Amino acid sequence: MKRSFFAALGASLLALAVAPAALAQNSIRIAVLGPMAFVQGEHHWAGAEMARDEINKAGGITVGGRKLMVELIRADTNEMTSVPDAQSAAERVITRDRADFLIGGFRSEAVFAMQEVAMDHKKIFLGVGAAHDELGLRVERDYNRYKYWFRVSPTKSSDLGRTVFAVLNAVAGEIRKQFKTETPKVAVLAEKAVWTEGLIAAAQKNLPAMKMEMVGLWQPSATATDVTAELSAIERAGADIVFTILSGPVGIVVGRQMGERNMKAVAFGINVEAQKDEFWGAAAGKANYVSTLNTYAEVEITPKTVPWVRAFKERYKKSPAYTAATYDAIMLLKQAIEQANSLRADDLVPVLEKIRYVGNGAVIEFDKRHDPVWGPGKSLGIGVQWQDGKLVAFWPPEIKGMQPFRLPPR
Amino acid sequence: MYWLRRLFRWFAADVLALPSRALVALWVLVLLVLPVFYADPYVLRIVTLASLFAIFAASWDLLAGYSGQVNFGHALFFGGSAYVSAMLSVKAGVPPWLAVAAGTAAAALLGLASGYICLRLRGSYLSLATLAFPLILVGLLLAAPGFSGGELGLPGVPRLTNKPLGNYYIAVIAMLVVVFGLWALADSRFGLLLHAIRDDELAARAAGINTPRYKLAVFAISGAAAGLAGALLAHYMRIAAPFLLETALSFQVVIWGIFGGIATIYGPVAAVFVLYPITEWIGSFQAFGERRLLVFAAIVLVVLLWMPRGFAPWLRDRIETNCPRCKQRNAAWRASCRACTAPLSATERPRASGPRA
């Protein structure tokens, strides 16, 4: 009797020791890393919450014949003020909170630091927020170490540039069509910041090739409260397009003052402020025709986009920012886990490398750098424009639900 | 055996006799044996970072506390050294240890240069001038993104060792060596001259002290110490980026210095080892983790309200007292002086703390 008891105990212990990790746990712990005191982190968390609730409501993720619930760990990285804090947060969620997977990150240098910790522990880290090309280049350069990193959103910086110029070309085409202008004149209005330099150089190089004339470069401060001098100079230069490269509050000022001056030129480019719901009110309702790149809108980027954006707006009373792609990251992870039938990072990497996931803002497939493949029908982004107080999507035109692009009257 | 016995006797008579020294000895012991008993990687990371920031804070205290050269741009040495070390490692393939040494030397040169520029400045003028230096360096780095990595910085800096335990001991031992070295320096004739320069530079010059030479020397030594910490941090985190030169970091070190107690060396070190883990711990709570800066500021304000000379001198004054006759320090609970056996009054409290515990 005693002997059989010990044999059974020994067998049980051995079984426990060799059982896959999934059998030993009741939930899948996903750490959401982001600057939680900022809007980017807020949307990281919101997207992840939506994914968690949807998965758990449907019974969880099937792995090893069991249904495991998703458990989220909210980790404030404090990355806007301290990169060491971000790295420590990554270490904490892995070693203390026993996170199985990491998603999120925003500031590129903080994501680099967190990436190191995740790779040290061989944890899958799905990036949602940082766009720097180098993050993916590391996978290519040192695959064995960095293979656990995958970028879900946004597309890498160089691809973002490709999208901007593709939309700019469409805007120029509209001007050519409506105003019979063969060579539209473009004024580049970029805030004085290092991140804009690459796009400025690209504009100087690409615009002549795209049969556009660059009439000048104006560089106000990112926090400027008046751009009258710049805008009057742009008017005098006869610009048809104001190519904006703005991330700071100056984006609101540009929109408001262009409206106040009834400028004939239309603004398009990157204007982070114009992506927000509050932009119209902040610009005193004068920012008609201001357009920018964006990630989500109520158009059929994929069949999931419209219902998801509506559900997000209903739950959080605001439109999703691009860091809300944590939803797609978790859903993509679910698909990969169920396909691999494993939680082990080394089992999941080859599955993720071959995955095709239809998300809310893109169809995600990964290239050899584990970056989302750029292009129509994949990860591309959309062009949006403020039209009479509403943010409407206009590009790419082949997507269902797109509205025509409008030009200011002349 | 003879030396061991002598060491033990010295330890019992000079270290254990004073509570502050016993606390320091205990702290050193805990740091050295912590991984043996509690090898939690997260805790080791926090202690590693605290050790590096402690070097940084102690180096600021030598410069600002002892010589009165209140530097508002101390991140210049920290970040400058990190960049030099990272560039040498990443771009030129220099072995990491050699790169750290070069970074430290570069920080000493930066110290000399900024000290030379500020030689004729005093008080708030000096502080404001030093505040500009890291901003200038950031501007230069951003102006040459191909060389410096621009806003992103230089990722992929090789580690000194890939073992977490190795990184821990490198940081802790570097911290102990540098902090005790700075402590000894501050307690030497050199430290005394720095005190004289801080209190009345004109009088010090009149007494025949070559004050510019000492000021330059303290800038260089402080820069080198801060630089060592910065270079080690870049190799530990595997990135050197503009955040290492941020104004916030320069002010953080001032807060650590004032919170811990300036002109003590041990004060800022204690401040880092108290405040850094506390803010990290606060950060792990969802309820107020996202307001960690607010909580941090509240702690600092409340503590300074009750302990205007800083946390460490306040604590030391609670557990130790000065002999009214020979001025030797004694444990607060002793009835008579350990040196001259004079009776110790319970109400006698030291009015000023010297540089040594």
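Biologist: How are H2(B) and H8(B) oriented to each other, roughly parallel or roughly antiparallel?
Modeller: In this predicted model, the axes of helix H2 (residues 19-37) of chain B and helix H8 (residues 164-186) of chain B cross at roughly 160° and come within 9 Å. Angles over 145 degrees count as roughly antiparallel, and H2(B) and H8(B) are therefore roughly antiparallel to each other.

Biologist: And what hand does the crossing of H2(B) and H8(B) have?
Modeller: H2(B) passes H8(B) in a left-handed crossing.

Biologist: Which residues make that contact?
Modeller: From H2(B) the contact takes in B:Val24, B:Trp27, B:Val28, B:Leu31, B:Leu32, B:Leu34 and B:Pro35, while H8(B) contributes B:Leu165, B:Tyr168, B:Tyr169, B:Val172, B:Met175, B:Leu176, B:Phe180 and B:Trp183. By class, the contact of H2(B) with H8(B) has 15 nonpolar residues, with no polar and no charged ones.

Biologist: Staying in chain B, at what angle do H5(B) and H11(B) cross?
Modeller: Helix H5 (residues 96-117) of chain B and helix H11 (residues 211-237) of chain B cross at roughly 145°, and their axes come within 7 Å. H5(B) passes H11(B) in a right-handed crossing.

Biologist: What classes of residue are in the contact of H5(B) with H11(B)?
Modeller: That contact has 14 nonpolar and seven polar residues, but no charged ones. Among the residues of H5(B) that take part are B:Ala99, B:Thr104, B:Gly111, B:Ser114 and B:Gly115, and those of H11(B) include B:Phe219, B:Gly223, B:Gly227 and B:His235.

Biologist: Switching to chain A, how many helices and strands does chain A have?
Modeller: Chain A has 15 helices and 15 strands. The radius of gyration of chain A is 24 Å, close to the 22 Å that the globule rule gives for 410 residues, so chain A is as compact as a globular protein of that length. Along its principal axes, the C-alpha trace of chain A spans about 100 × 35 × 35 Å.

Biologist: In what order do the six strands of the open sheet in chain A come?
Modeller: The order is S2-S3-S1-S4-S5-S6 in chain A, and the pairing is mixed. Strand S2 (61-63) and strand S6 (149-153) of chain A stand at the edges with a single partner strand each, so one side of each is left without a neighbour in the sheet. Neighbouring strands of this sheet are turned by 30° against each other on average, with direction ignored.

Biologist: How many bridges join S1 to S3 of chain A?
Modeller: Eight bridges join strand S1 (residues 27-34) of chain A to strand S3 (residues 66-76) of chain A, and these two strands run parallel. A:Ile28 stands opposite A:Val70 in S3(A).

Biologist: Which helix packs on that sheet?
Modeller: Helix H5 (residues 108-120) of chain A does, touching S1, strand S4 (101-104), strand S5 (124-128) and S6 of chain A, and the direction of this helix makes about 165° with that of S5(A).

Biologist: Now the sheet of three strands: what order and pairing does it have?
Modeller: This open sheet has the order S11-S14-S15 in chain A, with antiparallel pairing. Strand S11 (291-294) and strand S15 (390-395) of chain A are its edge strands, each pairing on one side only, and the twist averages 40° from one strand to the next. Four bridges join S11(A) to strand S14 (residues 382-387) of chain A, and A:Asn294 stands opposite A:Ile382 in S14(A). Helix H8 (residues 157-179) of chain A packs on the sheet, touching S11 and S15 of chain A, with its direction at about 90° to that of S15(A).

Biologist: Which way do H14(A) and H15(A) lie, roughly parallel or roughly perpendicular?
Modeller: Helix H14 (residues 326-340) of chain A and helix H15 (residues 345-354) of chain A pack at an angle of about 115°, with their axes 9 Å apart, and that makes H14(A) roughly perpendicular to H15(A). H14(A) passes H15(A) in a right-handed crossing, and the residues of their contact divide into seven nonpolar, one polar and one charged.

Biologist: Last topic, the backbone: what kind of peptide bond joins A:Ser153 and A:Pro154?
Modeller: That bond is cis, with omega about -5°, and A:Pro154 is found in the loop between S6 and H8 of chain A. The peptide bond from A:Trp395 to A:Pro396 is also cis, with omega near 0°, and A:Pro396 lies in the segment after S15 of chain A.

Terms used: Residues numbered from 1 in each chain as written. Chains lettered and ligands numbered in written order. Predicted model: local features only at pLDDT ≥ 70, side-chain atom pairs only at ≥ 80, totals over all residues. Heavy atoms only, no water. Pairing = 2+ DSSP bridges. Axes fitted to C-alpha atoms, helices over the stretch in contact; angles between N-to-C directions. Contact = heavy atoms within 4.5 Å. Parallel < 35°, antiparallel > 145°, perpendicular 65-115°, else oblique. Left-handed = near helix turned anticlockwise from the far one by under 90°. Nonpolar A, V, L, I, M, F, W, Y, C, P; charged D, E, K, R; others polar. Rg over C-alpha atoms; globule rule 2.2 N^0.38 Å.
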